[in-house]
Amino acid sequence: MNARPACLILCLLAVLTGCADLSPLFRKAPVAGGPTPPAAKAAAPIPFDARALDYEKNGDLQMALFFWRVVSRLNPEDKEVAGRIESLRIAIQRESQQHYEKGVSLFHQGLRQEAQIEFLTALRLNPDHRQALAFLKERLHGERFLSHQV
């Protein structure tokens, strides 16, 4: 007879939680100072500086800059991080300028599609690149494309 109320409570919990996972309610709490369970180790987030370095290594300077800025917010006294941010900012501007110049060269060669891709790449790297935006708006304004892979 005592099993019936327990069964009703469990059924009520199942109905109220829907598809929610109830397993955390029945797990034992980890012992302080004890070993970390393997599942917790696998789910540990990658530190932001490691992510920034990975993006930098893979050539995605915008994402690297984003993660270095996160690291800077978390540790504003770190001068090395400030230096990395500045060097990435300069590298992004330099790369954006190179794409712009290549776009101008391609435009003067009559390769309008290729020029447009270079201008768009320059703007992807540096959305404030006024010259690339002006070129697109004033000289290539009539060009319409469905998509570009940059």
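Buried residues account for 21% of the chain's 150 residues; buried means under 20% relative accessible area, exposed means over 50%, and partly exposed lies in between (1.4 Å probe, protein chains only). The model is predicted: local features need pLDDT of at least 70, side-chain atom pairs count only at pLDDT 80 or more, and totals for chains, interfaces and linings use all residues. Residues are numbered from 1 along each chain as its sequence is written, and side-chain values use heavy atoms, with hydrogens and water left out.

**Overall make-up**

- Helices (H or I, at least four residues) and strands (E, at least two) are DSSP runs, numbered from the N terminus.
- Along the sequence the pattern reads α-α-α-α-α-α-α-α.
- Accessible surface comes to about 11,500 Å², and 58% of that belongs to carbon and sulfur atoms. Areas come from the Shrake-Rupley method with a 1.4 Å probe; for residues, only the protein chains shown count as cover.
- Take the contacts between residues at least 6 apart in sequence: 47% of them join residues at least 24 apart. Contact means heavy atoms within 4.5 Å.

**Helices α4 and α5**

- Helix α4 spans residues 48–57 and helix α5 spans residues 61–74. Their axes come within 8 Å and cross at roughly 160°. Axes are lines fitted to C-alpha atoms, for helices over the stretch in contact, and angles run from 0 to 180 degrees between N-to-C directions.
- α4 and α5 are therefore roughly antiparallel. Angles over 145 degrees count as roughly antiparallel, under 35 as roughly parallel, 65 to 115 as roughly perpendicular and the rest as oblique.
- The α4 and α5 crossing is left-handed: the near helix is turned anticlockwise from the far one by less than a right angle, whereas clockwise would be right-handed.
- Contact residues on α4 include Phe 48, Ala 52 and Tyr 55. Those on α5 include Met 63, Phe 67, Trp 68 and Val 71.

**Helices α6 and α8**

- α6 and α8 pack at about 30°, with axes 10 Å apart. That makes α6 roughly parallel to α8.
- The α6 and α8 crossing is left-handed.
- α6 contributes Gln 97, Tyr 100, Val 104 and Phe 107 to the contact. α8 contributes Gln 131, Ala 132 and Phe 135.

**Aromatic pairs**

- The structure holds seven aromatic pairs. Rings of Phe, Tyr and Trp (its six-membered ring) pair if their centres lie within 6.5 Å; planes under 30 degrees apart count as stacked, over 60 as edge-to-face and the rest as tilted.
- Phe 66 and Phe 67 pair edge-to-face, 5.2 Å centre to centre with 80° between the planes.
- Phe 66 counts as partly exposed because its relative accessibility is 45%. Phe 67, at 7%, counts as buried.
- Tyr 100 and Phe 135 also pair edge-to-face, at 6.3 Å centre to centre and 75° between the planes.
- Tyr 100 lies in α6 (residues 79–108) and Phe 135 in α8 (residues 130–138), so this pair ties together parts that are 35 residues apart in sequence. Tyr 100 and Phe 135 are both buried.
- Ring pairs link Phe 48, Tyr 55, Phe 66 and Phe 67 into a cluster.

**A loop residue: Asn 126**

- Asn 126 sits in the loop between α7 (112–125) and α8.
- Asn 126 counts as buried because its relative accessibility is 18%.
- With neighbours within four places in sequence left aside, Asn 126 is in contact with Gln 62, Gln 93 and Ser 96.
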